[in-house]
Amino acid sequence: MKTGRLEAFSDGVLAIVITIMVLEMKAPEDTTFKGLFSVAPIFISYLLSFIYLGIYWNNHHHLMQVTQKVNGSILWANLHLLFWLSLIPFTTSWIGEHENYYEALPVATYGFVLLMSAVAYFILERVLIKYHDDNYALSKLCTNGLKEYASLFLYILAIPLAYMYAWGAILCYIVVAFIWLVPERRLEALIEEDEA
């Protein structure tokens, strides 16, 4: 099978997930700056989640650029990733409402969903590598390096940290987002070589 339908479906799901997140944000009833500041926690959680979804969309796009074919296992691995990403609006809403930044369970649950999304992305990469030959760009890169291990470490650290210091956990999530803001440059270079 070609990758077109998988990529189009994934793009559609991520667009819906982002739409759901923005629809969860309600305008303040008060038309003053105080009213605007009252919804700041919801906006901040939305912004962080939007960045995460953008990172996943960007990296997924790069994966599909170097993938020529897919099979049933890849489709299921991709659905597994989309499942965890589709939970981000729920955790975003829960962490942002009613000043839940100080509540351990919403902060820890947000981290758990981010951790499972990372694990699902790793599984998708592994299944793609297994289905392609040794010349597959992802096989050559063996992308599981410092960024991947640092991210997993920070997620695993943040989940219990949420019960001691919720803002420390949130800081871990922000650091991971910054780590991944720049896509894998080696993969981009391989894509550019193939297009040249």
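The second largest pocket is lined by Met-1, Lys-2, Arg-5, Leu-6, Phe-9, Val-70, Leu-75, Asn-78 and Leu-79. A pocket here is an open set of points on a 1 Å grid over the protein atoms alone, with protein on both sides within 12 Å along at least five of seven lines, and a lining residue has an atom within 4 Å of a point. The model is predicted, with local features needing pLDDT of at least 70 and side-chain atom pairs counting only at pLDDT 80 or more, while totals for chains, interfaces and linings use all residues. Residues are numbered from 1 along each chain as its sequence is written, and side-chain values use heavy atoms, without hydrogens and water.

The volume of this second largest pocket is about 170 Å³, a volume being the space filled by probe spheres set on grid points that are joined across faces, edges and corners. Helices α1 (4-24) and α4 (72-86) each supply at least two residues of its lining; helices are DSSP runs of H or I with at least four residues, numbered from the N terminus. The lining comprises six nonpolar, one polar and two charged residues, where Ala, Val, Leu, Ile, Met, Phe, Trp, Tyr, Cys and Pro count as nonpolar, Asp, Glu, Lys and Arg as charged, and the others, Gly among them, as polar.

Helix α4 also packs against α3 (40-65). Their axes, lines fitted to C-alpha atoms over the stretch in contact, are 12 Å apart and form an angle of about 165 degrees. The two helices are therefore roughly antiparallel, a term for angles over 145 degrees. Leu-53, Tyr-56 and His-60 of α3 meet Asn-78, Leu-81 and Leu-85 of α4, contact meaning heavy atoms within 4.5 Å. Of these contact residues, four are nonpolar, two are polar and none is charged.

At least two lining residues come from each of α3, α6 (104-131), α8 (146-161) and α9 (166-180). The lining has 13 nonpolar, three polar and two charged residues.

Key. On a 1 Å grid over the protein atoms alone, a cavity is a set of points where a 1.4 Å probe fits but cannot get out, and a pocket is an open set with protein on both sides within 12 Å along at least five of seven lines; lining residues have an atom within 4 Å of a point. Axes are lines fitted to C-alpha atoms, for helices over the stretch in contact, and angles run from 0 to 180 degrees between N-to-C directions. Angles under 35 degrees count as roughly parallel, over 145 as roughly antiparallel, 65 to 115 as roughly perpendicular and the rest as oblique.
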